[in-house]
Protein chains: 2
Amino acid sequence: MDSEELREYAHKMVDFIADYYKGIETFPVLSQVQPGYLRELLPDSAPARPDSFQDVLDDIRDKIIPGVTHWQSPDYFAYYPSNSSIAGFLGEMLSAGVNVVGFSWITSPAATELETIVMDWLAKALKLPDAFLSTGHGGGVIQGTASEAVLVVLLAARDKILRKVGKDAIRRLVVYFSDQTHASLQKACKIGGIYPENIRILKTDSSTDYALSPESLSKAISQDITSGLIPFFLCATIGTTSSAAVDPLLALGKISKSNGLWFHVDAAYAGSTCICPEFRHYLDGVEEADSFNMMLHKFFLTNFDCERNALIQSLSTKPVYLENKASEENMVVDYKDWQIPLGRRFRSLKLWMVLRLYGLENLQGYVRNRVELARTFEELVKKDPRFEISATRIFSLVCFRLVPPHNDEELGNKLNHELLDAVNSTGKLFISHTVLSSKYILRFAVGAPLTEERHVFAAWEMLQEKASALLKSL
Amino acid sequence: MDSEELREYAHKMVDFIADYYKGIETFPVLSQVQPGYLRELLPDSAPARPDSFQDVLDDIRDKIIPGVTHWQSPDYFAYYPSNSSIAGFLGEMLSAGVNVVGFSWITSPAATELETIVMDWLAKALKLPDAFLSTGHGGGVIQGTASEAVLVVLLAARDKILRKVGKDAIRRLVVYFSDQTHASLQKACKIGGIYPENIRILKTDSSTDYALSPESLSKAISQDITSGLIPFFLCATIGTTSSAAVDPLLALGKISKSNGLWFHVDAAYAGSTCICPEFRHYLDGVEEADSFNMMLHKFFLTNFDCERNALIQSLSTKPVYLENKASEENMVVDYKDWQIPLGRRFRSLKLWMVLRLYGLENLQGYVRNRVELARTFEELVKKDPRFEISATRIFSLVCFRLVPPHNDEELGNKLNHELLDAVNSTGKLFISHTVLSSKYILRFAVGAPLTEERHVFAAWEMLQEKASALLKSL
């Protein structure tokens, strides 16, 4: 790790990455390789002696990049975006550079303290209630992924109720969420040992635009109480994965509270839009929540927890080799007790640099601009009578489909699936799909930072062209 | 995300990081700040408008760096190392640069395929049995941390046995490990809902150099079976956290197999040394294991699993919005089903670049050199009659302490604790401690890549000097 050697190679890598972004539109956005392609191109075992840096760079260009699906391409409209930014990239570099492991305060005080501070900054930017701040009985923590955020919250809630009713009662614990909730919660239930028959996946439909209905929740809770079960956890979502639906927090929160449930709000996708005043009302009711998680649109995954003690009681470990004065005297936070892993990077650097190098006003402008591009796309779809909008658009996701010819839903599903494959295999754009009320729906998610209006128009043109060809062949 | 702007700022960041390494010896290795120092220095909320890059760099230098404990300093001898390398850093940069989310094969085929390939490279470098290769019924996966590796393995084993005996039997499942096993396994048991009274933490002592005794395991299993419990999981360790002890894999594995236990081998610390033939014999018996995890010495956390199906059955999710042809036809691996989170970085790039840019022979040389430096330190300690070695040194960790004056163990513990504080507060070196057989022990872990013989000598000189002062004041 010679500093001058590091300097020389890292400068070369910077140019490689900058050139990658410069030429990103020249690659097929969805990789067009076939399964197993890479094993044909690489040796069977690691080299005994070093390869040159230039050889490695050449291999990245010739062998790796063709197998990359370019999430940062301006033509990427699939799933939800995972955005890069210059500030985020610089923060990653610095975090990899200092390479500390901040599990306890003492292992790098700045890593812990900066995280506490920027989580408070974010809570304030979202106008979360004071209870969510570290100066209340809450505080935020950056988890590795949203899945882990949801898991640690479920575990905290599980252990809190089991401390009250005894651990044998785990077979009677009931979890509630809608059929639009992210799959990570079902995985968390499986990990946490919740009995599959006690997982209530409440049905939604187009009458509520795929939001969870408070009535169906109330009914399910009453039935379970009558059956001798113990309702203990509700997850509501702001911006579901399929269609960006928004569950009614206020009504759901009240039902949770009056029945003693832990109320979690998963705002993974849409939470970051709420830094704009015009979107903040979707968070109304968050004051009823025990916990809240979001992904920042630049893919900073964060978990705010307003029930700090329950979390720590579930996840704390105190091996003797990690004892130190600051921890023993409770003067500091040790984030290892707020997460699954022991080790953790200096993650807050990235968020801190993004907030400082852009400022809240620019970040709000960025959100508004992405939403505006989605609105543009929605207008284009609406003007073409062969298509329809499949769910109300609020944020930057448009759900749409080709209208099934002759009301033949089966044919409609087949057609839309074929349309998806047709456009994605061009490599000119990448969109994804979902199923709502048994209908195959196309998803157009605007969010990649390089996307401009021209990319939206080009994508729509390609969609129209492929649709025409498909309809003609019927 | 303008490519030229990225280039400009990233070049500046490279120089900042290279300068950091150039000057790393000028900082106190253990941060000397007091709890709460950073809140005094930073504003209460995020800025509305952007700050300049130079302002941010100045703040990193003046406010953040003083709160950093320098894990990459050549004077860092605490815990176990978390090493940087130029190749690792370049891999991190590139992974942050392309910024893909490789949860399914289709979301970036190269991310999945390169991981499968380099995990096989690693398995071959370690001479793991063929069953651990992806071409067997195994294959490796890079987890975020060793804690997650241990957790996913425990969950796979739990669900496998529960499928056989019914889920109500969870209250009868018994886990076995030694009192030297990493705390992450206890945390995993808590998460997985194993009953605390069914966790057998088997005592070790100096008679086996803190390795788990097969006899005590056999005895515990027999007793539990007699009581109607279900023994299902054993974890053995190669290089424990406190003293780098090595459990006897072969004997433990045979007991596991004959009793139907899942046998996991945690080689987090010492696994990477086994790329050297002279250390490989510590892994003998791994052929009995159902799963194996290690951290590469450059902090690549990896999990080899030889029981792929059980893992996937525990962790798989198949939401409709992630369906795609390659996955549905089982043509590919989707690593989301091998881990807790959904999202995952292009992690294999880093490992691939390390293996290629250094080559196995240099990596072996690196391991040998670290072990040799630890041997040098051990010799120094042995020559000073005021000190003693507290556990047999095998790898690059030396456990030692000041011999208690007048055989007064209580005084001995106090003195060694004071010696630790005295040397760490100088900022000239950072060591950590543990407790073995109720004795307070000092740990000197050699591993930071910049550490040379002169740093080891200087550390020992400082230890001697502070020890003399302490003993004089008695």
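The following legends describe close-up views of a predicted model. Local features require pLDDT of at least 70 and side-chain atom pairs pLDDT 80 or more, whereas totals for chains, interfaces and linings use all residues. Residues are numbered from 1 along each chain as written, chains are lettered from A in the order in which they are written, and side-chain values use heavy atoms, without hydrogens and water.

**View 1. Interface of chain A and chain B.** Contact (heavy atoms within 4.5 Å) links 140 residues of chain A with 141 residues of chain B. The buried area (accessible area, 1.4 Å probe, lost on putting the two parts together and summed over both) is about 12700 Å², and carbon and sulfur atoms give 66% of this area.

**View 2. Salt bridge between K167(A) and E197(B).** The N to O distance between these side chains is 3.3 Å. Across the interface there are 20 salt bridges, each defined by a side-chain nitrogen of Lys or Arg within 4 Å of a carboxyl oxygen of Asp or Glu. Helix α1 (residues 3-22) of chain A provides 18 residues, the largest share of the side of chain A that touches chain B; helices are DSSP runs of H or I with at least four residues.

**View 3. Surroundings of D266(B).** D266(B) lies in strand β6 (residues 262-267) of chain B, strands being DSSP runs of E with at least two residues. With a relative accessible area of 6%, D266(B) is buried (under 20%, 1.4 Å probe, protein chains only). Leaving aside residues up to four places away in sequence, D266(B) touches several residues, among them V150(B), H182(B) and N293(B).

Conventions
Buried < 20%, exposed > 50% of the residue type's maximum accessible area, 1.4 Å probe, protein only.
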